[in-house]
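Hi,

Here is the structure I promised to pass on. Have a look at it first, and then read my notes below.

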Amino acid sequence: MFFSSWSIDALARTLSADERLMAWIPPRRLPYIRAESDEGPVHVPGRRSQQAPPHLVALLRLADGRRSPHELARILGTSLDEVTSRLTELVRRRWVSWRLEVPSGARPDRELRAVLERVGDAELRRGALEPLEVLERGRERVEAAGRDAEALCEALAALEEDFTRITDTASQRAKGSGTAPNRSLVHSDTRRSATARIGGTVLDAMAPLDPLMTSAAWLMGRLGARVEQRAVEVYEKLSAASGEERVNLADFWFASMPILHGDAVTDAQEVLAEFQRRWARIIPLPEGEARVRATHSAVASQVAEAFPPVPVAWTAARYLSPDVLIAARDTEAIGRGDFELVLGELHLASNTMGASLFVSQHPEPAELLRLTGRDHPGPRLLPLLPKEHKARLSTRVRNVLVRPEDYYVALMELTADPHRDRTVLSADAHVVLRDGRPVVVLPGGAEFPVTDVFGHVLTTLAMDLFRLFPDADHVPRVMVDKLVVSREAWRFAGGELGFAEEKSEARRYVRARNWRGERGLPRYVFVVSPTEPRPFYVDFDAPVYVNILAKAARRLARKDPEAKLTITEMLPSPEHAWLTDDRGNTYTSELRFVAVDQHD
């Protein structure tokens, strides 16, 4: 049972209102602010350098997130009131962050406790820990309730009441508020008690993944090379303007924003288009065909020619994470070889098993860290990410397979514990050219490709880029031996779903079933629409799902008559739910793998 990060952040904001406590909370310089001497000036990316009084600059340079105002007053030989006044001015100038910040982690309550236990005043420390302990006891009661529904509801209600009383904050985040997942105060992650074993037959059937991953490595390599070339242009422009061979990383990062969120997006789509053109020559899709089959041997030989090896562009690009599902009637059918495999997704530049929700449930997390050391014999440079983002980030999916020898670089915000060694601010690092390629030089002399600084942006661009075939009004199901590499899909404008405008629910249902039959759609599908936040499931035999689809079609038609929604067959479908529990309930199951490119 875990606290959501936002709930503990709310408690931290409440505690920050106590000025006496804040005298023990270390301020920290924003990662992109730098001053090379106590005399200044202070450099802010994208702006002119600013001069400030030496006493302010001296405090700025000492604000490392480890020293409390009490300690800063002692070092500077001045009073606590004077340090407080100077910190207030530095915060006003947006050079320093001075608030009770909870480092990012799967256990935010423990992170907050670690911060509070460094408070030097015993009475203040006890007073700050008390409300945290109230919430921790509430979480323990929720966990202890187990499957007792009444006890669980009572425990949740009590926790929510305590939280609201302590923080004066709503205990549920509103849906659609632009926030990341985890709307409630706590969430639970668990492991199923059953274990399924599958044999070498299934492993052998996965052989077609190899040419797919070969082409994916090419896709990432080409994308990374194009972005790196744009980075060289940014470096050369900044170097020419300053007359220095060393370019400050903070300046470089800010100057790179237009390419990372503009030109790189275009680069990704252009590389994808070329990727799909090459696959079109390997597996042609005849018009009107519902099923297309190819053999592994034929595909593998053509892939080797069409997608030659390219250098790994950034460290995370060595990872490929396929999600594979088994379509079978039961476990006995799998044993007989009577099954098909379905490639759900092939995630690029990501170790999906490094997510906190998996690592926290693994029986031996230390083994995962050891394997990470095999993947990366040397240290890595990892960009620090925001705690949450509405599109992808939350504490549950954050990568936690980070070793002590790995470096963090804070670009915009410092979400790691400032007491962690090997955490570098962007303003303290530089970019230089080595053999024509831009590299980051850290204060201790360690060097990494500049694309590692862009790692999260590149991975975000690449993660879901693996699409073998371009969008079309109809794409057949494509199989390579026993592996389905692309599900059958159809695209329709909202206005093409004529039944959506039918006022009578009964007639709408009948018309939808007729519409589905005329177009050869399966009963179970998933739908992606530009007007809907996420894909949604539709069973054409269930009126409630027909109504959901009709509403989505009407919204799309009103917003953009030319836009199209995509309907994709559900595969595996319910009859392929082969995994059975002790009560006879059946389930499908996604097998998650992590592949590592071992080439230098």
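I'll start with a residue pair: Phe526 has Thr568 of β23 as its bridge partner. Keep in mind throughout that this is a predicted model.

That pair belongs to the antiparallel pairing of strand β21 (residues 524–528) with β23, which runs over 4 bridges. Strand β23 also pairs with β20 (residues 489–493), again in the antiparallel sense, over 5 bridges. There, Ala493 stands opposite Lys564 of β23.

Next, Leu556, which sits in helix α19 (residues 543–559). Is Leu556 buried or exposed? Its relative accessibility is 1%, so it counts as buried, the cut-off being under 20%. For a sense of scale, Leu556 and Glu111 are 445 residues apart in sequence and 44 Å apart in space, C-alpha to C-alpha.

Now to another sheet. It is open, has 4 strands in the order β7-β14-β15-β16, and pairs in the antiparallel sense. The edge strands, each pairing on one side only, are β7 (247–248) and β16 (447–449). Strand β7 pairs with β14 (residues 430–434) over 2 bridges, antiparallel, and Val247 has Val431 of β14 as its bridge partner. Helix α10 (residues 209–242) lies across β7, β14 and β15 (437–441), at about 70° to β15.

Last, helix α11 (residues 249–282). At its start, a side-chain oxygen of Asn248 comes to within 2.9 Å of the backbone nitrogen of Ala250. How far does α11 span between its end C-alpha atoms? The answer is only 43 Å, whereas a straight helix of 34 residues would span 50 Å at 1.5 Å a residue. When you step along α11, stop at Ser256: there is a kink of about 45° there, shortly before the proline Pro258.

Cheers

Definitions and conventions: Residues numbered from 1 in each chain as written. Predicted model: local features only at pLDDT ≥ 70, side-chain atom pairs only at ≥ 80, totals over all residues. Heavy atoms only, no water. Pairing = 2+ DSSP bridges. Contact = heavy atoms within 4.5 Å. Axes fitted to C-alpha atoms, helices over the stretch in contact; angles between N-to-C directions. Expected span 1.5 Å × (residues − 1). Bend = angle between axes of the 7 residues up to and from the residue. Polar contact = N/O pair within 3.5 Å; in protein donor to acceptor, adjacent residues only side chain to side chain. Buried < 20%, exposed > 50% of the residue type's maximum accessible area, 1.4 Å probe, protein only.
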